[in-house]
Each structure stands twice: as structure tokens, then as C-alpha cells.
Amino acid sequence: MSTYYSAEQNVQILIALMKAHGVKKVVASPGSTNTCLVASLQNDPDYEMYSSVDERSAAYIACGLAAETGEPVALSCTQATASRNYLPALTEAYYRKLPILAITSTRAEEEVGHKLQQVIDRSVLPNDTVRLSVSLPSIHTEKEKWACEVNANRALLALRHHGGGPVHINLGTEYTRDFSVRELPSVRVIRRVTSDGDFPKLMPGRVGIFVASHLPWTEKLTALVDSFCEKFNAVVLCDQTSNYRGKYGIMEHITATQQEYTIPCNKITTLIHIGDMSGVYFSFQSEQVWRVSPCGEITDPFEKLSHVFEMQEENFFEHYVKEENVSEKPTTTFYHEWLTEYVQLIEVAQQKHDEMPFSNVWIAQETIGLLPKNAVLHLGIYNSLRSWNFFEAPKEVLAYANVGGFGIDGNVSSLIGASLAYPDKLYFGVVGDLAFFYDMNSLGNRHVGNNIRLMIINNDGGAEFRITDGFAYQAGIGDDTSKYISAGGHYGKQSRQLVRHYAEDLGFTYLSASNKDEYIKCVEQFVSPQKSETPILFEIFTDANDEREALNIMYHLKKNPLSTAKNLAKSVLGEKGVQVVKKIIRK
């Protein structure tokens, strides 16, 4: 019987990517668990195969071959203690920076620790044996296929990264007997580009720059990005924490959260990803993603990564701005498509401002334009960040959030820490009640200055768990979330005195509001550009149902024609009637 490639998808992906990354030499040791890989490799004429019974010897053979040729060499062994024999040679390779790819085959990792024959734990390796270790388990879903491709690329790129060195892949197998696959699948190859390397060609058209949380921009970087946008017809998609203040930015969050409307310009040919973590949703669809980061790490939140540019952002944009071979004339039509959509949504939001219930969203819309020049805004995780991301802050205002770990702890402390850097600058914070009470001890710090303005949205236990797109709400748990999921009823049950006494005893000026009129009376003092004699704490009491309704309004500012027709049909026919009509149409 003729044999070709194994039917195991992780094996196919690994072989295809080894080929793409130039790993063609393989030293294999006998075994059953690595049969799917080795049988597939030996049936591919592109691979140069060698056999060694002793794994310790095999690994040293690979060292000698790699050192002599300057090329990466792969190893393959079975499970049990076979892989342990690689360690001496991998240590040698580590200190000599030899590109050795140690592929250790294994059964399912969940079998580790259950006293099953030959199943050992390879999750931790000595520090000086490999530069990177990844797992490529068997594949059953599209998500697992994506993870396999990314991790295989990550491992293969690490062989030569920063001088190179040994890398480990733990390759899962289900012992398939099917070797009938005649062609390898099409795989996504990720390339790493350095400043002195070959830059890929970027054609103008529908180019997006997605900026996650970002430290303050230099004037040079802003100017380069603006020039890049003009040359390649690009748009900058950002949120409050992106801190881009150039000419071509769009607050993408309001377009991304529309539940019955998809903007026509959301299809992007090349998306350039800069910055760190982001707290916004994505609505765009990109054909490929270029990640620009000095660390050169493989991060793929959009699942379309094709290139990682290991360099400073200024170097990346400077290269493409200076590039001469651009087929089209400079234009900004793509930006203006996004701008038109954004403006239309903002106009609808403004029209609905009066009907918007008293909530974090209403407060954000009412307040964000009043923030004084050169102020700094710190936003609490989730509902505050979400609500304030709908609207654009003044260009002179910088914004931050603890999106790195994305936890509610430390939001107030981060605000205080930032305020210590520049005592003459105003620092505003917006947090929910859970985030505040989690971190309230920080207000007692003796270094707290009078340049702090802290707003607490007190909705009794975290609106995040009770909003429409929250997991608990969608699961139908409803009001029962307040028992143990949303932490309702803690911290005084929206007591009007608890925070007031705490704040005033610590020397804060305390303001409070429970409705729109009360808020409007207090907000002028809160946002005053003049520094007050004391720090200010503004506690605002809202209802979780109002928070949910406000978000629903923002999520349905605009509708697709098809969505409108569908809703009309539902109102006339009812849900059952709509299903009957669908069946008739299908027939």
C-alpha cells in the first residue's frame, strides 16, 4: 500500500511550515509515537533524513550537522524517556546558539499524571536547554488549527531569533493509520522582518492601522503616521488609550458595537497592528495583519498575522513613507469613508442624548468634551472603559487604563501613581463601585495630591455582569446575578454616606449625584481647569437597568436595511410567522 502524509492535521501543518521556514534536515530515532511524523517526512523528497537509534547521539549528530552547515536541524523521537536523552546536546546547543528543533511526540497532554505507560510530563524544561517550548496537540476545531499554526510558526522563527538556539515542540498524536493525504495543506506562514531585512511590498488601497493602548506619541511618529496615511490611503483605528492625536484617527468602538449594522468600509486589505493590549471590540475584517513591535513577539489577536516587524514604530513608518514605488496617487478616501460612518453614528447618539437614561454612557457623552486641556484620563476596566470609548476626548487629553492584566484591582492606585509625576497637571479617573472598593485604601496614601479628580459610578455591584452582552445576562440568569455573580449588596448597598465620610475624613471634596440635574450642577466644579485646594471625589449613583438600557441604545444607533425589514416582519408576523415564511421561501 502506498503511504503519503499522515491524516493528522498538526503533523501536516508542522511539515508544511518546516518546509516554508527552511528546516529540511531531520535526524529521527525509532519509535511508535512519532510514526505519523517520521513516515510523513520520509515520503517527502524535500527532506534530508538521517537515522540514529540512541537519542543522545542523535541530538549531538544534529549539533554537528547544524554547526557545519549553518542550517537548522530537526530531531524526532518517541514518548517516554526518549526525550530525556536530548538534554545534554540541547544544553550544548543552547550555549552555542545552534538551531536545533527537538520534536518530541506524545499522547494527549491530559493523560499526564495518570500512571499511563510511557506518558511523562515535558511541560517544564531546564532553563538552559531550549529558548522556547510549545505544544502542538491533535486538532479537532478551527481554533485548535489556528493555535497550531501560530505556535509552529513561533517555534520555527525562534530557531534564528536573536542569534538563534534550540527549540522544543511537543507534538501530539492519536496514532492514526491513515497515510493517504497526498498534498500538504495551505498554511499561514508568519515572517519576522528586522530593520536591516527585506521589507514586504505594501500596496495602497484599504490599509488600516489599529492602535491598541499606547504611550504618548512623539511628534515625529505622529507626523510619520499621518504621512503614511496620505501615501497609502490608510485610516487609524483607535480608542481612548491609543493616544493618537493625528489627522486620520477614528474611534472604532462605536462602529464595532453596532448589533444591527455593519459599516461598508470594514473590509481591510492590510491591517498594521501597533501598541499593546486593547479594551475595544473589533468590527473590521482584514486579509492580513502586520504587527510592528520592538520585541518582535508573535502575537495574533486577529488570527490573520503574516508579518512581525521587529523594530521601532518610527523606523517602520519611515521606511514606507520613503518608499517610492506606489502605483496610485496619494489619497485619503478610505479615511473619509470611516469618518462619514463615524460622524453619522455620533449624530444619532447626540439625537438620542436626552432619551438616554442616567448612566455611565450618558455621563461620558456629557463630560468628555469638558475635560480641560492637557489633563490625563484614567478609565476603569470594562464598563467605564467601554462607555467612554464611544466618544472622542479632546486631542490634548491623554488616556490610560489597566488593560495589561485587565483586572479591576489597582485602577485607583494607578491614577494616584500617575498623578505623582506631574503635580501641576490634572488627573481624572472614572471607575465603577467594585473597582473603587477593591482599591479604596489607596486614597489614604499621604502622597495623594490636589490634582486628582475621581469619579465613582456606583451601580451596586458591577453593571458589567448585568448588561445585555454580558455572559450572565445572555445565559438567562437575570436578576439572580446579584446573588453571587455580580456582587450586589456589598459595600453599603449604594449608601449615600459611606464613601462621603471616608472621602471627607481623608480631606477630599465630596460631590454626589443621583440624576441628570444633580450631575449637571456638580460637573462644572469637577472638570474645572483650576486646581482645587483638595482632591475631588464625585460619587454618582446609577441603576444597573439604566446602564443596560443606555448600552442598548448605543448598540442600535443604525440598522442594515435587511435588519429593519426583519424586525418589521417580526412585529407583524411574530417569530413563529417569520419561521413559517422562511420555510416557504426555502421550498
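**Reading helix packing, a parallel sheet and positive phi**

User: In this predicted model, at what angle do helix α6 and helix α8 pack, and how many Å apart are their axes?

Analyst: Helix α6 (residues 219-232) packs against helix α8 (residues 313-322) at an angle of about 35 degrees, and their axes are 9 Å apart. The crossing of α6 and α8 is left-handed.

User: Which residues of α6 and α8 meet?

Analyst: From α6, the residues are K220, L221, L224, V225, S227, F228, K231 and F232; from α8, they are E313, E314, F317, E318, Y320, V321 and K322. Sorted by class, this contact of α6 with α8 has eight nonpolar, one polar and six charged residues.

User: How many bridges join strand β14 to strand β16?

Analyst: Four bridges join β14 (residues 376-379) to β16 (residues 427-432), and the two strands run parallel. V376 stands opposite Y427 in β16.

User: Where does A80 lie, and is A80 buried or exposed?

Analyst: A80 lies in the loop between β3 (73-77) and α4 (87-96). Its phi is near 60 degrees, a positive value in a residue other than glycine. A80 counts as buried because its relative accessible area of 13% is under 20%.

User: What is the phi of Q494?

Analyst: Q494, although not a glycine, has a positive phi of about 65 degrees. Q494 is placed in the loop between α15 (481-484) and α16 (498-505).

How values were computed. Residues numbered from 1 in each chain as written. Predicted model: local features only at pLDDT ≥ 70, side-chain atom pairs only at ≥ 80, totals over all residues. Heavy atoms only, no water. Axes fitted to C-alpha atoms, helices over the stretch in contact; angles between N-to-C directions. Left-handed = near helix turned anticlockwise from the far one by under 90°. Contact = heavy atoms within 4.5 Å. Nonpolar A, V, L, I, M, F, W, Y, C, P; charged D, E, K, R; others polar. Pairing = 2+ DSSP bridges. Buried < 20%, exposed > 50% of the residue type's maximum accessible area, 1.4 Å probe, protein only.
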